[in-house]
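Here are my notes for your first look at this one. Have the model open beside you as you go through the points.

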Amino acid sequence: MMNSPVMKWIGLIGLYLIIFLMLVEWLVPVVTLTNTGHLGLFLLFILICLGSNIFNLNGVLSFTIKILYVLWFLMYVYMGTKIFAVDSFMKIANEFVISIHALMDGNWDGVTDSFRSILFFLLLWMTIYLIHHWLTVKHSVLYFFFTTIIFLSFLDTLTDYNAKYAMIRVMILGILLMGVLFINRLFTNSQVKWKWNHYILLLIPLIVMIIGSAAFAYLMPKKQAMVNVPKPIEKLINWQNGQSGSVGKIGYVEDDRKLGGPFEKDNTVVFEATAKKNQYWRVETKSIYTGKGWERKEGDIYVHTFGYSEEIPMSMKPGKKKNTDEATITLKKNYKFILQPYGLKTIDQPNDDKSFYIEIDSEKIRPTINEEKVLLPQYSMSYSTPQYSLKALEKTRKSDLKKIPKGYKKYLQLPSSLPKRVNKLAVEITKDEKNLYDKANAIVSYFQYNGYKYSRTDVAVPSEKQDYVDQFLFETKSGYCDNFSTSMVVMLRTLGIPARWVKGFSEGDEVLSKDSTRRYVITNNNAHSWVEAYFPGVGWMSFEPTIGFNGFDNVLDDVKDEQKEGTINPKQKENDKAKAEKKKKVEQKKKEKQAKEKVKKEEKKKQKQEEKKRNKDQTASNQVNKTMLISVIIIILLTILVFLTRRKWMPKWLLMKYRLRGKNDIPIDRMYEDLLKQLSLIGLSKGQGQTLGDFAKQVDVHFGTNHMSILTQVYEQKIYSKEATLIDNKEIKECWEYLINHLTG
């Protein structure tokens, strides 16, 4: 048998150990999904918070330890070796101010990583305090248990996180925790002395019930999990996406089921590329158009795995071996996929335990470890940009489309609700072109010269019965890359030309480089979409229909006369005429390219003017924001000061509060409870199981009076007896005021 204090310590530590394990189930998915890192350091902070509660540390001491740990974390993680150096403190403080400004401006992406860590620590701190309150005051963790189950259910349903085993662990821990709390309440309420054999006898049925329930749940048949998002949540998402008044942030996203709506610019850097030339960066393709956006095929995702330096099976073949170049990607955002240059051959970075897989349907490439998607912060690639023969392209004919393999039929898919006038427009645009290549270019040129404009703000969202492409082509004629690229894919498909929608990033901005290679910075503003069309005998080829973008320069003008000059040929004149026409077409394409570049320059000039205007307005508001920031900091500091000095000013406030009442108005119950709270601030707290009378004697010994005993007698008569007290109100008030006055020291 163990004495009561030891048993209580063991029980308390056991309870907090279970709480710690349940908090781990919260922290692991958050860190995994956000790629936060430093899981061990966050778990250590949780242990510090729980430990301060177990040992009931002084509030100021506990607060100081936690603040020092958070500061150490910020220095260790973000400052490297300069821990607690003056310049490190200044940098953290500067990032704090920058983040406050970003929050005031509503720019969450402008918040620094160090400030995000501070917010995360505060969230953990408050969560543990709330759990401690439930555990020690309410003696119940039902809310925490229930919230944990809901949290894991949502993560498992709406994210890539697999909470299958986490849910089992939480159920076991939660039931065990509630059972242990119930047993503790039995001992406390019945005032039975704690004994090992009694405690174990009560624990055995609980453990047997948990094991039996887990086994039953494991053996029972289970319904197949839903593949799609639940309808109520899907409707909520659709409603939000359908609000044309809401403005989103531009950037790469994976969900393209609902296209449309305005976007704000975002200069956040997402990756840097070192390469021979500036180029587009491909991420994935999509083939199912719904009338509102793009979806991927439901069901299993088929992949092809490969390793470093192994040839990557791409549908678009790379160029000649002699033209092979290298590129290096350095991520600034946690993308768990590979940025692809056109003509990608291999990923070259040996001595690493990662492997890769490419999704056969979308051609998205992901790095993995043990079949789990991971982040690859930096990697190098070999690629050879594909080039196309103009002669071969001009030989493509519509009749060739009848011979395309069945595997390309999915790139002709169109919704049955697509208005017929979309096809009529595509036919009208391309009717004078003989080959498939010129038909595709005719659609590109159509956008340039028929009143369409590029805009991120003036972008409509189709109604429930409207088609996204039809609305853009015939009604709004205003939009960004998604509008232009989707419309071109759909028009090509109506002509029987296989086409797919491509997502990735457009060319970035070049920065200064020391050697022959060039470095490019790519931001969220470069998130882009374009088109790939399939021509029989040639293969897949990329097109850029969006106004203001340069597109692709990968066509070799290899059209030459088959006969040497001076050779007698009765069709010489016809050949010369054909040659002239071809030359004219090439010149026309060059002019179109120059026109695109001119539009892009004008667009950039306009954007710079708008940026200058915004900067001017921002300067005017910066002073106001600075004043607001200083005011907020002062208020926070004053709040902390008031909290830390509450032992000094709280008694004076209580004296003033009760002196304003009449002589006969003595709320002894409230006055007594306020007195108990103030006594706890100086370390005089009633122990568990200690009677009020014993505690009153302890307080009287401390102050050398009998005032606490008098007040306790009156309080007990008020609570437990209907008889009137024999002590007059004046004496009660004097006793209470004496004790309150002596609490300030």
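1. A word on labels to begin with: helices (H or I, at least four residues) and strands (E, at least two) are DSSP runs, numbered from the N terminus. This is a predicted model, where local features need pLDDT of at least 70 and side-chain atom pairs count only at pLDDT 80 or more, while totals for chains, interfaces and linings use all residues. Residues are numbered from 1 along each chain as its sequence is written, and side-chain values use heavy atoms, with hydrogens and water left out.

2. How many of the residues of α14 are buried? It is 14 of 14, so the helix is mostly covered. Here buried means under 20% relative accessible area, exposed over 50%, and partly exposed in between (1.4 Å probe, protein chains only).

3. Now the whole protein. You'll find 20 helices and 22 strands in it. Of its 745 residues, 40% are buried. Take the contacts between residues at least 6 apart in sequence: 73% of them join residues at least 24 apart. A contact means heavy atoms within 4.5 Å.

4. Have a look at a helix pair next. Two packed helices are described by the angle between their axes and the distance between the axes. Helix α11 (residues 420-430) and helix α12 (residues 436-448) have axes that come within 9 Å and cross at roughly 105 degrees. That makes α11 roughly perpendicular to α12. From α11, the contact uses L425, I429 and T430, and from α12 it uses K439, A442, I443 and Y446. By type, these residues divide into 5 nonpolar, 1 polar and 1 charged. For the angle, the axes are lines fitted to C-alpha atoms, for helices over the stretch in contact, and angles run from 0 to 180 degrees between N-to-C directions. Under 35 degrees counts as roughly parallel, over 145 as roughly antiparallel, 65 to 115 as roughly perpendicular and the rest as oblique. For the residue types, Ala, Val, Leu, Ile, Met, Phe, Trp, Tyr, Cys and Pro count as nonpolar, Asp, Glu, Lys and Arg as charged, and the others, Gly among them, as polar.

5. R500 deserves a stop. You'll find it in strand β17 (residues 499-505). Is R500 buried or exposed? Its relative accessibility is 1%, so it counts as buried. Leaving aside neighbours within four places in sequence, R500 has contacts including R282, E363, Y411, W530 and W540. V489 and R493 are also among them.

6. K364 is another buried charged residue, at 2% relative accessibility. K364 sits in the loop between β10 (355-359) and β11 (365-369). Its side chain has a polar contact of 3.1 Å with the side chain of Y252, and one of 3.1 Å with that of E254. Not counting residues up to four places away in sequence, K364 also touches F337, Q340 and Y357, among others.

7. S309, at about 70 degrees, lies in the loop between β7 (303-306) and β8 (325-331). K477, at about 55 degrees, is in the loop between α13 (468-476) and β16 (478-479). K477 is partly exposed, with a relative accessible area of 27%.

8. Last, two pairs that are separated along the chain. D669, in helix α17 (residues 668-681), is 49 residues from K718 in sequence, with their C-alpha atoms 7.4 Å apart. D669 is partly exposed at 27%, and it touches Y715 and I719, not counting residues up to four places away. K398, in the loop between α10 (390-394) and α11, is 36 residues from K434 in sequence and 8.0 Å from it in space, C-alpha to C-alpha.

Notes
Polar contact = N/O pair within 3.5 Å; in protein donor to acceptor, adjacent residues only side chain to side chain.
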